[in-house]
Protein chains: 2
Amino acid sequence: MRIVVLAGGIGGARFLLGVRAVAREVGAEVTAVVNVGDDVTLHGLRICPDLDSVMYTLGGGADPERGWGRVGETWTVKEELAAYGAEPTWFGLGDKDIATHLVRTRMLDAGYPLSAVTDALCDRWQPGIRVLPASDDRVETHAVVEVDGVTKAIHFQEWWIRHRAELPTQRFVFVGAETAKPAAGVLDALAAADVVLVAPSNPVVSVAPILAVPAVREAVATGKAPVVGVSPIIGTAPVRGMADKCLAVVGVECSPAGVGGLFGARSAGGVLDGWLVDESDAGVEVPGLTVHARPLWMTDEAATGAIVRAALSVAGVS
Amino acid sequence: MRIVVLAGGIGGARFLLGVRAVAREVGAEVTAVVNVGDDVTLHGLRICPDLDSVMYTLGGGADPERGWGRVGETWTVKEELAAYGAEPTWFGLGDKDIATHLVRTRMLDAGYPLSAVTDALCDRWQPGIRVLPASDDRVETHAVVEVDGVTKAIHFQEWWIRHRAELPTQRFVFVGAETAKPAAGVLDALAAADVVLVAPSNPVVSVAPILAVPAVREAVATGKAPVVGVSPIIGTAPVRGMADKCLAVVGVECSPAGVGGLFGARSAGGVLDGWLVDESDAGVEVPGLTVHARPLWMTDEAATGAIVRAALSVAGVS
């Protein structure tokens, strides 16, 4: 069996732990197509937060408490940069993390595409699955905000981390997405997939930028493989993070039904066939989707594996 | 009084502590013209070891034990880079140090010349003197070595740190020096100088690359200011470092007379008027130079200040 997972950062990474566990049991191959909309260049370093979260988490190097970055991280370089007055100071740039960014930046500067760089970094982390960026091109999430009556677009990281998603926000823009091509390997993986899973990542700023690459969306929407999503919302609250604030920006109700409707049914121009919601949301209906309910808390790898098995079952491939 | 000092890294930095102390007493202005021949780009970071040694030492941030780098340094990024297999692993790249290199690299990439970048970094360190790179252009010291019968040029840092100056070496080359221009401010400082001091730095790979910039050498050799050097050799041994190995490469005796002769008298096409040697070397003569002898061990700032005062006295400006 070949499983493709569309994934953002932390939630996506944790979901992938379960996917990998199931894949090892059933002998499946897993490819993660990871959001690059959060990627940013700071202090001359190319930073890919979602790819790194996936790589560190699957490689056993992630901080389980904080959720992002490396376990045992230190912050010397960050403090020194601040001592120089080098902006920005609001981004959590750890010392261990910086080595990853240095290797990546150097390889990108040498002309390697992000997919090849990610491959090289994964040589160390051995994530046990194939990790692909959604695109090797620039697909950068910006938030169009109003500050003191002035409308401007700021990078998603600035919106999210510096302003904690608290600015009046008109919309999100995925800069470059329209002309971006899928990274090497993405279309092949989707074409060969027996099932596509949408991780319980932020639907607006993690999954949407992946699907904003036209050929990715088309391959998912029109491919032979069934597509099943796992709701990142339980009741009216995100499992983690600030998906509620992002959903508010795009005018979608923060609920399993709202997010299911946002993705939409493949039969009606959307991307999903099935939708897994939490047991507390049993009874939720989304037009055109097969909806199943079961516990969705990813408390550990076993619980997450059970969610993955349920998703495969909704897809009819288990 | 205006004092210009030609300086390399560690020895130059310590000498400058004494120059600054004397300058504060007598109300003099000090400009250090610092070697850039050791500069190197590693892991995408532009590293200027001599400028940093001067800046950190005068700014109170240097490690007094190790002599180079920052006090309280940590090595997380270096270890992580090695874990990725990212070469080279032999260079001592500290976490605190990396912040300096990140700021520098970012500013250079934005188009600022090294002199402007150094100025910006000194905003933090407040060295109390003006710190100028010898050139904003590339002047890079390479060693022409023989390895397994093959002659090749390697960067000075690789020769010095990786191979500990132990390869059979034909000569040093200052790549780019012939067409390099003095950095902004260097010629003005030399033209306005009342005295030029040559710090007890490595004559072959610290002072020579400064003087390899044609207009710098001409300004020093033909300027109105007297030029006095302080011997980096006491007896037949360098005060610090591996000057003996470098002198051997250029076929110069490792002695105060040898180094004095290497610099040569301005009256005979060289760059010095006076030469300060250690008291144990009293009686040394160098054709065309006024040679004075006195204790040359820079044991502390007071001792170093006394050396500086002696050098000013040899120059006839104190």
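A salt bridge is here a side-chain nitrogen of Lys or Arg within 4 Å of a carboxyl oxygen of Asp or Glu. By that rule, 4 salt bridges cross the interface of chain A and chain B. The model is predicted: local features need pLDDT of at least 70 and side-chain atom pairs pLDDT 80 or more, whereas totals for chains, interfaces and linings use all residues. Residues are numbered from 1 along each chain as written, chains are lettered from A in the order written, and side-chain values use heavy atoms, without hydrogens or water.

**Extent of the interface**
- In contact (heavy atoms within 4.5 Å) are 26 residues of chain A and 26 residues of chain B.
- The two chains bury about 2100 Å² between them, 65% of it on carbon and sulfur atoms; buried area is the accessible area (1.4 Å probe) lost on being put together, summed over both parts.

**Specific pairs and contributing helices**
- One salt bridge joins the side chains of A:E80 and B:R124, at 2.7 Å from N to O.
- On the side of chain A that touches chain B, α2 (49-58), α3 (76-83), α4 (95-109) and α5 (114-125) each supply at least two residues; helices are DSSP runs (H or I, at least four residues), numbered from the N terminus.
- α4(A) gives the most to that side, with 8 residues.
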